[in-house]
Amino acid sequence: MLTEQNYIEGQILLIDKPLQWTSFQVVNKLRWHIRKNFGIKKIKVGHAGTLDPLASGLLVICTGKFTKRIHEFQGQVKEYTGTITLGATTPSYDLETEIDHTFPIDHISDSTIKQATTHFIGEIEQYPPVFSALKKDGKRLYEYAREGETVAINARKITIHEFEITRIELPEVDFRVVCSKGTYIRSLAHDFGKTLHSGAHLTGLRRTRIGAFSVEDAVTVQSFENQIQTKIETT
């Protein structure tokens, strides 16, 4: 049974982030519950890798002294599953923005889809989406994008360890990807469409693994709230 001191000394909490929540909201919610239930005025809580609001899945949350280990977990290999929709692009490369261009998909077959994945295996250069939280000259890229301002974005080296197609029902393609830190699955979806001489955007994303941590071992925010309240009431 976890105590106030356990959280202060450091805990690793595995949370299954729901859709529409920001990673920051999850951290704030857990911090609030820990402080409220133990009467702690201040405790450090942080996450080891942001998930977009439109993505669900594994968040590794560190408390207390374990927040010093966040960089260690951020650098570990990650696994995602999701859906790419072919034949259309959006400025954000996902569902955050409206479709801006459409493309034919009649020429695309199951075999060409599976063959296209081979272009991304190994170390590759990837351009982050213009709608991202990366900073340029002290300003986040999505701020430039929302203002309609064009900025030069440098490519970054990432590694795709595995890229597996798990379902094809055009225009939708389901996938599983194992990749390095810094990989944008939205950019992967966008580039995947280009490789198929079409367009594509990400329409579903779930993080299933960070290093040795699996989403199967994670709990929902509501479950964490129930657990911590139960532990307090039974002590």
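**Close-up 1. Helix α2 and the residue that follows it.** Just after α2, G39 takes a positive phi of about 70 degrees. This and every other view shows a predicted model. Helix α2 covers residues 23-38. At 1.5 Å a residue, the 16 residues of α2 should span 22 Å, and the C-alpha atoms at its ends lie 23 Å apart, which agrees.

**Close-up 2. The buried face of α2.** Which residues of α2 are buried? They are S23, V26, V27, L30, H33, I34, N37 and F38. Seen down the axis of α2, these buried residues fall within an arc of 130 degrees, so they line one face of the helix. As background, an α-helix has 3.6 residues a turn, so residues three or four places apart point the same way.

**Close-up 3. The ring pair of Y7 and F38.** Y7 and F38 form a tilted aromatic pair, with 5.5 Å from centre to centre and 55 degrees between the planes. Y7 belongs to helix α1 (residues 4-9) and F38 to helix α2, so the pair links distant parts of the chain, 31 residues apart. Are these two residues buried or exposed? Both Y7 and F38 are buried.

**Close-up 4. The ring pair of F163 and F192.** F163 and F192 also form a tilted aromatic pair, 5.4 Å centre to centre and with 55 degrees between the planes. F163 lies in strand β10 and F192 in helix α6; the pair links distant parts of the chain, 29 residues apart. F163 counts as buried because its relative accessibility is 8%, and F192 counts as buried because its value is 0%; the cut-off for buried is under 20%. F163 and F192 belong to one aromatic cluster together with F120 and F175.

**Close-up 5. Strand β11 and its two partners.** β11 pairs with β4 in the antiparallel sense over eight bridges. Eight bridges also join β11 to β10, and these two strands run antiparallel. β10 and β11 form a hairpin with two residues between them. Which residues stand opposite C179 in β11? On the β4 side it is K78, and on the β10 side it is I160. How many of the eight residues of β11 are buried? Seven are, and the strand is mostly covered.

**Close-up 6. Helix α6.** α6 is mostly covered, with eight of its eleven residues buried. The buried residues are I185, R186, S187, L188, A189, H190, F192 and G193. Just after α6, H197 takes a positive phi of about 55 degrees.

**Close-up 7. Charged ends over rings.** The charged end of K29 sits over the ring of W32, at 5.9 Å from the centre of that ring. In another such arrangement, the charged end of R69 sits over the ring of F66, and the distance to the ring centre is 5.2 Å.

Note on methods
Residues are numbered from 1 along each chain as its sequence is written. This is a predicted model: local features need pLDDT of at least 70, side-chain atom pairs count only at pLDDT 80 or more; totals for chains, interfaces and linings use all residues. Side-chain values use heavy atoms; hydrogens and water are left out. Buried means under 20% relative accessible area, exposed over 50%, partly exposed in between (1.4 Å probe, protein chains only). Helices (H or I, at least four residues) and strands (E, at least two) are DSSP runs, numbered from the N terminus. Two strands pair if DSSP finds at least two bridges between them. Rings of Phe, Tyr and Trp (its six-membered ring) pair if their centres lie within 6.5 Å; planes under 30 degrees apart count as stacked, over 60 as edge-to-face and the rest as tilted. A charge sits over a ring if NZ of Lys or CZ of Arg is within 6 Å of the ring centre and within 35 degrees of the ring normal. The expected span of a helix is 1.5 Å times one less than its number of residues. The arc is that of the directions from the helix axis to the C-beta atoms.
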